[in-house]
Amino acid sequence: LFLARDRFGIKPLFYLLERDRFAFASEWKALLRLPDFAKRVDWSTFVTALLDPYCQEGIEQCLMLGIRRLLPGHCMVVTPDDVRIYRWWNTLDHLITPPDGLPAQAARFRELFQDACRLRMRSDVPIGTCLSGGLDSSAIVCTLADIDRRGAHGEERLAEDWQRAFIATFPGTPVDERSFADLVVQQSGVRPDYVTPTPQDFERHIDDVVYHLEGLDAGLMIQLWVIYRRLRESGVVVTLDGHGGDELLGGYVSHVIHALHDAGRLRRWPGRYVQLIDTYQGMFRSSSGSMQPDRPLSHLVAETNAWVGLAGRRCGR
């Protein structure tokens, strides 16, 4: 038996290896149905995941003792006599040389991004997009619209019904991004479907969400449960979403802070530093102007300066 996991672990793969049997599944809850399987929590993994929910994909152990995950970019060969696991992909072995200069790099990124969206528009069924108002999902929706508008697909069989965006809203709260999502709707011409999760949804579906997450995540993500339920009710079973795009498109405040550290440490791009300060402030600016950063700008600048000084001392400067 040969099993393999994709390069970055987008698709899950779990297995159970015991003295007289081997089983695998895409969800480890399936393995709980095996006869005579002892359901015991791996408390060591539980504590590790509790302290750092994002580490789970990087370790083989799962919350259930005896069940393991095949790591991203790994293969395994199972025979009656032996089990071999080896790594078939290492991203560091496949790094490309980017073009010189920001304009050329941006053009290359745009080309790759558009091509990725175009390839995933190949479908015989309707395609939807979960639109949050963030850069990643907004870029996807606008790129799909641009591909369709320019007829850039040639003779390819691309989905005709892709113009539906599903948007979670949280009226009256500082995390509501509807105003940003509406700008994307206006720009792209997609048909919006607004979903407003309620406290009752959280109460009603908490067991379902925990059951399907199969791990300790950074949050219960019940809002995703509710919005995907709306997708299914609308007959949409394929979505192009922004999951995983935050690192590429600076979706979180921490990414901007890291960029500020780099700009300050290099001391060569004062203009870039000012731009990033504006970006940082803009990430907390809602349509009502009521949203405020969790750390004042003065604290951020002081922290960055301290970090720069520490980096300089470590470099002997």
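**Exercise 1. Find which helix gives the most to the lining of the second largest pocket, then describe that pocket.**

Solution. Let's start with the helix: α8 gives the most, with six residues of the lining. Keep in mind that you are working with a predicted model.

At least two lining residues come from each of α2 (102–119), α7 (246–249), α8 (253–266) and α9 (270–282).

Now look towards the middle of the pocket. Its lining has 22 residues, and L102, L248, G250, A259 and R272 lie nearest the centre.

Then sort the lining by class: 13 residues are nonpolar, five are polar and four are charged. To finish, the volume of this pocket is about 890 Å³.

**Exercise 2. Decide whether T129 is buried or exposed, and list what it touches.**

Solution. First locate the residue: T129 sits in strand β7, which covers residues 127–130.

Now apply the cut-off, under 20% relative accessible area for a buried residue. T129 has a value of 2%, so it is buried.

Finally, collect its contacts, leaving out residues up to four places away in sequence: T129 touches I140, V141, L144, R164, A165, F166, L240 and D241.

**Exercise 3. Summarise the chain as a whole: how many helices and strands does it have, and what part of it counts as buried?**

Solution. Begin with the secondary structure, which comes to ten helices and ten strands. Turning to burial, 32% of the 317 residues count as buried.

For the surface, the accessible area is about 19,900 Å², with 56% belonging to carbon and sulfur atoms.

Terms used: Residues are numbered from 1 along each chain as its sequence is written. This is a predicted model: local features need pLDDT of at least 70, side-chain atom pairs count only at pLDDT 80 or more; totals for chains, interfaces and linings use all residues. Side-chain values use heavy atoms; hydrogens and water are left out. On a 1 Å grid over the protein atoms alone, a cavity is a set of points where a 1.4 Å probe fits but cannot get out, and a pocket is an open set with protein on both sides within 12 Å along at least five of seven lines; lining residues have an atom within 4 Å of a point. Grid points are joined across faces, edges and corners, and a volume is the space filled by probe spheres set on the points. Helices (H or I, at least four residues) and strands (E, at least two) are DSSP runs, numbered from the N terminus. Ala, Val, Leu, Ile, Met, Phe, Trp, Tyr, Cys and Pro count as nonpolar, Asp, Glu, Lys and Arg as charged, and the others, Gly among them, as polar. Buried means under 20% relative accessible area, exposed over 50%, partly exposed in between (1.4 Å probe, protein chains only). Contact means heavy atoms within 4.5 Å. Accessible areas come from the Shrake-Rupley method with a 1.4 Å probe; for residues, only the protein chains shown count as cover.
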